[in-house]
Amino acid sequence: IYNQLLNFIREEYKKRGYQEVITPLLYEKSLWLTSGHWEHFRENMFTLEAEGKEYAIKPMNCPSHLLIYKSKSRSYKELPLRIADFAPLHRNELSGVLAGLTRVRKMSQDDAHIFVAPEQIEDEILKLLDFTNYIYKRIFDFDFLVELSTRPQKFMGKLENWNEAEEALKKSLAKNGVNYTIKEGEGAFYGPKIDFHIKDALGRSWQLATIQLDFQLPERFDATYVGADNAKHRVIMIHRALLGSIERFIGILVEHYAGKLPLWLAPVQVKILIVADRFEKYANGIKEEFDKHNLRVEVDARTESVGYKVREAQAQKIPLILTVGEKEEKNDAVAVRTLDNKVYFDVKVVELLKKILKNIEEKKVRVEI
């Protein structure tokens, strides 16, 4: 599930102009002093000493992406620059708040930082709102609420920058026709943010996607670009994670779909059951054909009854359960049982394969035979 989610996001990155990087997990204290995390976030960081120096395992990717941005002189022609990173992150959460996959100490995010000129902020936020809407509405069929979190009491940077950042986010939300509520004082210490809260099948609210506008970290790292006027200007940074914590997202998906994951995400997509030993060769032939298309298929050739094997496969929430016997072998067909317990007889293998591949390509929530 984890790998399929990452593959999905990577496919979207290619379409939307992101470049992926890999960054270290451990940095010297000096980096965290520059970023402000040592002052504002230290209690949530794992720290250690080596060779007389203090280090911290990174709780977020932003400082390392600023180092990449600053690795060379940047021109306005390179902006927006979109840097994505799936590196593991570690946060020293209190043991009492840890909960399954939804609150963990080690996580990965579909994390990205976008470096923009001031005049590009509104357009880039609109693109992010579109990206978020595509993921939650089109792909996962989730309902969500939107919150704009403003300057906290403990904040970093200049008040005028905060006001400018909050106004830019409000304009983008209004232009996109998004209804939202304001959460006073709930922003990150470096900038205001837009948070997306989804409701799972049990009606519980979870904060997942976040879009944060940051004037402060580029200031602290002296991150600039050369403008059309040949002068240096301060770059602005957008922090964004759309699935958010991949671990949390998986936990919520499992809950939301009651374990009945969409076909493209299911760990085992197809299980083939045989009614007698003599049909094992036919079942394995179907599996080999499906394997050629990278489908995740298992054959259940045990001597248990078909009813028992069907019930077990249903308990495992396998999206497609295929049964093969004499009639199916003769007709190059299968009997198909879907997660809604509907059974389709004499389905041609060739036609079924086409429908499966189309369903996966379009990332449908449900399977139609």
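User: How many bridges join strand E3 (residues 47-50) to E4, and how should I read them?

Analyst: Four bridges join E3 to E4, and the two strands run antiparallel. Strands (E, at least two residues) and helices (H or I, at least four) are DSSP runs numbered from the N terminus, and two strands pair if DSSP finds at least two bridges between them. In this pair, Glu49 has Glu54 of E4 as its bridge partner. The hairpin of E3 and E4 has two residues between the strands, and Glu51 takes a positive phi near 50° there. E4 (residues 53-57) is also joined to strand E2 (residues 26-28), by three bridges in an antiparallel arrangement; Leu26 is partnered by Ile57 of E4.

User: Before we go on, what kind of model is this?

Analyst: This is a predicted model, in which local features need pLDDT of at least 70, side-chain atom pairs count only at pLDDT 80 or more, and totals for chains, interfaces and linings use all residues. Residues are numbered from 1 along each chain as its sequence is written, and side-chain values use heavy atoms, with hydrogens and water left out.

User: Is strand E17 (residues 320-324) mostly covered or uncovered?

Analyst: Buried means under 20% relative accessible area, exposed means over 50%, and partly exposed lies in between (1.4 Å probe, protein chains only). By that rule, E17 is mostly covered, with five of its five residues buried. Leu320, Leu322 and Val324 are buried on one side, as are Ile321 and Thr323 on the other. As for its neighbours, five bridges join strand E15 (residues 270-274) to E17 in parallel, with Leu273 partnered by Thr323. Strand E18 (residues 333-338) is joined to E17 by four bridges and runs antiparallel to E17; there, Leu320 is partnered by Thr338.

User: How do I read the sides of a helix? Which residues of H6 are buried?

Analyst: An α-helix has 3.6 residues a turn, so residues three or four places apart point the same way. The buried residues of H6 are Asn161, Trp162, Ala165, Glu166, Ala168, Leu169, Ser172 and Leu173. They lie on the same side of H6 because they cover an arc of only 155° around the axis, the arc being that of the directions from the helix axis to the C-beta atoms. Glu160, Ala174 and Lys175 are exposed on the other side of H6.

User: Which residues are buried in helix H10 (residues 306-315)?

Analyst: In H10, Lys309, Val310 and Ala313 are buried. Seen down the axis, the buried residues of H10 fall within an arc of 100°, so they line one face of the helix. The face turned away from that buried side carries the exposed residues Arg311 and Ala315.

User: How much space lies in the largest pocket?

Analyst: On a 1 Å grid over the protein atoms alone, a pocket is an open set of points where a 1.4 Å probe fits, with protein on both sides within 12 Å along at least five of seven lines; lining residues have an atom within 4 Å of a point. About 1,000 Å³ of space lies in the largest pocket. Of its 35 lining residues, the closest to the centre are Phe41, Met60, Arg91, Lys193 and Gln212. Strand E14 gives the most to this lining, with five residues.

Definitions and conventions
Points joined across faces, edges and corners; volume = space filled by probe spheres on them.
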